[in-house]
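I opened the notebook to record what I looked up in this model, entry by entry.

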Amino acid sequence: MQYHSWTTDHTDAWRDLSDSILPMDHRFRNPGRWRAELTVQESRGYRLMRWDQRGDRIAARTPSHVRRVPGDEHYWIVVPRHGVYTVRHGEDETRTPPGYASAMGMDESCWLSVPESEAYAFQVPRSELDNHVDSPAPLRLVLDLNTGLGRILSALIESTHVERDNLSDHEFHAVCDRMTELFCMIVLKDARPPEAHLTDVARLVREYVRNHLGTGKLPLAAAAHALGWSPRHLRNALHQTGTTYRDLRIEETLRDARDVLQDPAHSDLSISDIAFRAGLTPTWFSSAFKSRYGETPRDFRRRRLAEIPAQGGPGGIRDMECDDRLPRQAPRPPQPRLIGPDRRA
């Protein structure tokens with residue numbers, strides 16, 4: 001492990017030092033009163049920095065900086081001890097006060113406000129977080145470190161800095177691996193739906209599928225993004241409720257197809273049309289429908305439409321809902337009979 005320490009009261013020296021790590025433009029509120037200390041511990045892949053600055057500065061990563069040094073191989077986890085660390089991407093502002101940690105990449109144009117402050121900055125290989133944290137948009141997180149694993153991570157970061165003279169390269173790298181694992185555990189814990197709301201997950205997914213039927217195949221990633229979760233979190237939440245996204249999507253798709261098949265207003269739609277609306281092939285649709293309701297779509301439609309006059313009399317239909325508890329074999333009653341409403345639909 002390499003370890004470096006600098007103390008400077010010259011803004012030009014700070015610019016040079018900062019640019020050697022990640023190029024930016026800098027502005028200082030009171031250049032004549034500027035003073036800063038910076039320590040850097042680094043090994044292959046990881047870098048842990050601590051700054052203690054007396055004075056306010058603003059830094060900007062411009063498009064030219066990003067083109068020259070993309071900075072797309074790492075994420076930065078910043079843990080303020082004093083002062084509020086603020087990053088702005090366009091109109092999107094992220095504020096990180098003491099007791100919290102922010103994580104994001106520096107491969108986009110951004111604006112940073114760093115007041116008189118003390119903070120740690122942990123540079124992590126991007127692959128280490130991407131392997132654990134799904135993020136459909138650029139990663140920009142702010143996490144609470146005031147309890148449980150957060151306190152442990154904060155203490156470990158500080159201890160790693162304090163013991164900088166006593167750590168070998170292998171030891172430093174191993175500790176950084178553990179800190180990264182802890183951070184990912186905190187992310188997954190904060191981002192997944194609370195247990196009290198797990199029962200709502202299936203309901204929300206069902207609503208999403210019903211509202212978007214006919215728009216495509218409805219992949220899990222699209223549903224997760226619409227609900228504000230990552231695919232991994234949604235998959236895990238549904239697993240905890242005893243189901244899967246695929247099962248819910250198929251069930252809601254078949255329910256919708258059943259309603260279309262028994263509606264006289266859609267009698268002109270072919271079975272293939274209904275299958276394509278559901279995002280399924282006609283053969284797969286017919287097989288899945290028969291497995292679920294005990295009849296082929298064609299037989300189901302023929303029987304339900306034949307029952308309509310008996311249910312509603314001339315000019316009306318009293319009950320168009322189908323009972324989910326249909327027998328697996330299509331019944332052949334001697335005369336039309338009334339099918340009760342599906343109380344679980």
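Which residues does Thr86 touch, not counting residues up to four places away in sequence? I found that Thr86 touches Glu93, Thr94, Arg95, Trp111, Leu112 and Ser113, where contact means heavy atoms within 4.5 Å. I placed Thr86 in strand 7 (residues 85–89), and I noted that strands (E, at least two residues) and helices (H or I, at least four) are DSSP runs numbered from the N terminus. At 6% relative accessibility Thr86 counts as buried, a word that stands for under 20% relative accessible area, with exposed for over 50% and partly exposed in between (1.4 Å probe, protein chains only). I also looked up the C-alpha atoms of Thr86 and Leu112, which are separated by 5.7 Å although the two residues lie 26 apart along the chain.

**Basis of the entries.** I kept in mind that this is a predicted model, in which local features need pLDDT of at least 70 and side-chain atom pairs count only at pLDDT 80 or more, while totals for chains, interfaces and linings use all residues. Residues are numbered from 1 along each chain as its sequence is written, and side-chain values use heavy atoms, with hydrogens and water left out.

**Overall make-up.** I listed 12 helices and 12 strands in the protein, and buried residues make up 42% of its 345 residues. Among contacts between residues at least 6 apart in sequence, 70% join residues at least 24 apart. The accessible surface, from the Shrake-Rupley method with a 1.4 Å probe, comes to about 18,100 Å², and 49% of that belongs to carbon and sulfur atoms.

I traced an open sheet of 7 strands in the order 1-3-4-11-6-9-12, with antiparallel pairing; two strands pair if DSSP finds at least two bridges between them. Its edge strands are strand 1 (2–8) and strand 12 (140–144), each of which pairs on one side only. Neighbouring strands of this sheet are turned by 15° against each other on average, direction ignored. For such angles, axes are lines fitted to C-alpha atoms, for helices over the stretch in contact, and the angles run from 0 to 180 degrees between N-to-C directions.

I then looked at what packs on the sheet, and noted that helix 1 (residues 11–21) touches strand 1, strand 3 (35–42), strand 4 (47–54) and strand 6, with its direction at about 25° to that of strand 3. Helix 4 (residues 148–162) lies across strand 3, strand 4, strand 6 and strand 11, and runs at about 85° to strand 4.

**Strands 6 and 11.** I found 8 bridges joining strand 6 (residues 74–82) to strand 11 (residues 117–125), and the two run antiparallel. Trp76 has Gln123 of strand 11 as its bridge partner. Gln123 is buried, with a relative accessible area of 9%, and it touches Gly45, Tyr46, Arg47, His74, Tyr75 and Trp76, leaving out residues up to four places away in sequence.

**Nonpolar cores.** I took a nonpolar core as a set of buried Ala, Val, Leu, Ile, Met, Phe, Trp, Tyr and Cys residues joined through side-chain atoms within 4.5 Å. The largest has 25 residues, and those with the most contacts inside it include Ile77, Val79, Phe122 and Phe183. Strand 6, strand 9 (100–105), strand 11, helix 4 and helix 5 (169–191) each give two or more residues to this core, and helix 5 supplies the largest share, 8 residues. A second, separate core of 23 residues includes Leu22, Phe28, Val87 and Met104.

**Salt bridges.** I searched the whole structure and recorded 24 salt bridges, each being a side-chain nitrogen of Lys or Arg within 4 Å of a carboxyl oxygen of Asp or Glu. Glu42 and Arg47 meet in one of them (3.0 Å, N to O), and both residues are buried. Glu181 and Arg178 form another, their closest N and O atoms being 3.1 Å apart; the two are 3 residues apart in helix 5, so about one helical turn separates them. Glu181 is partly exposed at 40% relative accessibility, and Arg178 is partly exposed at 41%.
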